[in-house]
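Reader: I am new to this one. Please take me through the structure step by step.

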Amino acid sequence: MFRVLMITTLFLSVPINALADWSIIHAGQLLAVPGKAPLENASVVIHDGVITEVIEGFVSSDQVETDNESVKIIDLSKQFVLPGLIDAHVHLTNQYSLGNTPYLFMQPEEFHTITGVKNAGLTLRSGFTTVSDVGSGAYTVYAVRDAINAGMIEGPHIIASGLSMSVTGGHADRTSHLPDHLWKTRDDVQNSQCDSVEECRYRVRTLSKRGADIIKITATGGGGSMQNRGMSQHFTDEEMRSIVETAHMLGLKVTAHAHGGGGVSAALRAGVDSIQHGTLSNKESIALFKKTGAYLVPTLLALKGSQEFLDNGTFPAIPAAKIKATLPAMHANRERLFNSGLKIAFGTDSGVTDHGRNAEEFGLLVEWGGMTPMEAIKTATVNGADNLGISDTRGTLEAGKYADIIAVDGNPLKDVKALESVAFVMKMGKVVKLMP
Ligand SMILES: [Zn+2]
């Protein structure tokens with residue numbers, strides 16, 4: 001009797017029509033491996049969310065061996081098809097234009113979570129199938145990530161830091177210039193700060209326990225916040241070493257927001273895996289980038305957005321003064337950043353600018369950074385995956401990789417701005433967007 005029951009249960013747990021899910025994309029042009037020339041008229045075979053084969057020419061379902069009669073053919077024969085894009089710097093749960101930065105914690109966390117749900121869908125539909133969210137409330141972005149992974153809502157794969165770590169009164173201390181009684185009892189805002197080697201170790205472990213996939217620190221001051229102590233180094237060298245050592249021991253990468261050259265160099269010496277912004281990197285910083293192999297995520301869209309906010313008066317007085325004082329130097333240093341042969345990964349700091357504008361970064365990488373369109377696309381695919389340690393599943397369209405695939409109508413190798421309006425988005429083999 002027991003045995004019969006076991007067998008029945010086993011059978012019941014398998015859905016009746018559990019045939020494997022197969023589809024074939026017919027791509028007019030296929031940039032399977034950014035950096036290599038695109039293929040003309042190629043087919044991408046997809047099985048249960050993963051690419052099994054890339055074949056030259058348009059193949060039909062009976063030319064592919066499947067265990068399912070019904071193979072979906074997706075006609076993108078007029079489109080340019082490429083890997084889903086990767087943005088290494090977003091804040092899905094924040095949006096400056098919704099008034100929730102810099103006084104982030106004056107709104108309930110629930111509002112930020114809903115903001116994140118909205119922006120996750122928008123970001124995916126803009127062609128970004130993987131993002132690294134590097135700075136949110138204590139739990140908000142984890143909730144968004146977990147709801148996406150559970151299939152409850154639409155959104156990209158999210159590699160999340162949760163709270164960004166900061167010194168007391170630093171760039172990610174969201175309580176700067178607020179009376180203590182407003183936040184002292186709030187666990188969700190207190191735990192981003194640390195001021196000693198021991199505290200920093202504890203904070204990293206707290207973030208890890210809560211569900212962080214990556215650790216984000218603000219190594220120096222920054223622009224958009226209410227901190228009032230410039231753009232130079234904030235964490236001590238010892239504190240940063242403690243953070244990196246603890247995070248790496250737990251298998252977590254560390255990414256550092258850093259502007260001032262001294263702070264960039266200190267973070268690199270401490271062993272961070274990547275630098276966000278890096279705007280005022282000096283000669284020493286450049287040498288350290290090369291020595292350590294760390295990626296630079298230049299976030300040019302944040303510079304553009306900051307200028308927009310200066311022009312339309314969005315910034316409160318403190319951020320406005322800081323940004324006015326430093327933006328010209330950041331632009332003046334761009335040539336050094338882009339002409340030094342650094343490893344560059346794509347990131348936008350979306351949340352400063354509205355989500356969904358992420359692809360504007362491509363045009364800036366070409367116009368301001370002097371990249372070719374192909375180099376710009378590589379930052380958001382091959383390099384983007386390498387930067388986040390996910391090259392085994394993402395960054396190219398090859399057998400064994402996730403079926404995270406997008407298509408555009410124009411040719412982004414001729415005009416990279418074609419990526420600003422995406423016609424087709426697939427995530428894990430599921431079509432999310434298909435324009436007529
Ligand atoms: Zn940011």
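Author: Start with a definition: two strands pair if DSSP finds at least two bridges between them. The model is predicted. In it, strand β1 (residues 22–30) and β4 pair in the parallel sense over 7 bridges. Within that pairing, His26 stands opposite Asp75 in β4.

Reader: How many helices and strands are in the protein chain?

Author: The protein chain holds both kinds of element. The count is 14 helices and 14 strands.

Reader: What is the radius of gyration, and what does the globule rule give for 436 residues?

Author: The globule rule gives 22 Å for 436 residues. The value for the protein chain is close to that, so the chain is as compact as a globular protein of that length. Along the principal axes, the C-alpha trace spans about 65 × 65 × 40 Å. The radius of gyration itself is 23 Å.

Reader: Of the 436 residues, what percentage count as buried?

Author: A residue is buried if 20 or more other C-beta atoms lie within 10 Å of its own. Of the 436 residues, 52% count as buried.

Reader: What share of the contacts with a separation of 6 or more comes from residues 24 or more positions apart?

Author: Take the contacts in the protein chain with a separation of 6 or more. Residues 24 or more positions apart account for 70% of them.

Reader: Which strands stand at the edges of the sheet of 7 strands?

Author: The 7 strands form an open sheet with mixed pairing, in the order β3-β2-β1-β4-β12-β13-β14. Each edge strand has a single partner strand, so one side of each is left without a neighbour in the sheet. Neighbouring strands are turned by 30 degrees against each other on average, direction ignored. The edge strands are β3 (50–56) and β14 (430–434).

Reader: In which sense do β4 and β12 pair?

Author: Strand β4 covers residues 72–83, and strand β12 covers residues 405–408. Leu82 stands opposite Ile406 in β12. Pro83 has Ile405 in β12 as its bridge partner. Over 4 bridges, the sense of the pairing is antiparallel.

Reader: Which strands stand at the edges of the sheet of 4 strands?

Author: The 4 strands form an open sheet with parallel pairing, in the order β8-β9-β10-β11. Each edge strand has a single partner strand, so one side of each lacks a neighbour in the sheet. The edges are β8 (214–218) and β11 (295–297).

Reader: Which helix packs on this sheet, touching β9 and β10?

Author: Begin with β8 and strand β9 (residues 253–260), which run parallel and are joined by 5 bridges. There, Ile215 stands opposite Val254 in β9. The helix touches β9 and β10 (274–280), and its direction makes about 160 degrees with that of β9. The helix is α7 (residues 261–270).

Reader: Are α5 and α6 roughly parallel or roughly perpendicular to each other?

Author: The axes of helix α5 (residues 197–210) and helix α6 (residues 237–249) come within 8 Å and cross at roughly 30 degrees. On the α5 side, the contact includes Val197, Cys200 and Val204, and on the α6 side Ser242, Ile243 and Ala247. Angles under 35 degrees count as roughly parallel. So α5 and α6 are roughly parallel.

Reader: What is the handedness of the crossing of α9 and α10?

Author: The axes of helix α9 (residues 300–312) and helix α10 (residues 317–332) come within 11 Å and cross at roughly 135 degrees. The two helices are therefore oblique to each other. Residues in the contact include Leu303 and Leu310 of α9, and Ile323 and Leu327 of α10. The crossing is left-handed.

Reader: Does Asn41 count as buried or partly exposed?

Author: Asn41 is placed in strand β2 (residues 39–47). Its phi is near 45 degrees, a positive value in a residue other than glycine. Most residues other than glycine have a negative phi. With 13 C-beta neighbours inside 10 Å, Asn41 counts as partly exposed.

Reader: Is Asp349 buried or exposed?

Author: Asp349 lies in the loop between α11 (334–338) and α12 (360–367). Its phi is near 60 degrees, a positive value in a residue other than glycine. There are 29 other C-beta atoms within 10 Å, so Asp349 is buried.

Note on methods. Residues are numbered from 1 along each chain as its sequence is written. This is a predicted model: local features need pLDDT of at least 70, side-chain atom pairs count only at pLDDT 80 or more; totals for chains, interfaces and linings use all residues. The radius of gyration is taken over C-alpha atoms; the globule rule is 2.2 Å times the number of residues to the power 0.38. A residue is buried if 20 or more other C-beta atoms lie within 10 Å of its own, exposed if 12 or fewer, and partly exposed in between; C-beta atoms are placed from the backbone. Two residues are in contact if their C-beta atoms, placed from the backbone, lie within 7 Å. Axes are lines fitted to C-alpha atoms, for helices over the stretch in contact, and angles run from 0 to 180 degrees between N-to-C directions. Angles under 35 degrees count as roughly parallel, over 145 as roughly antiparallel, 65 to 115 as roughly perpendicular and the rest as oblique. A crossing is left-handed if the near helix is turned anticlockwise from the far one by less than a right angle, and right-handed if clockwise.
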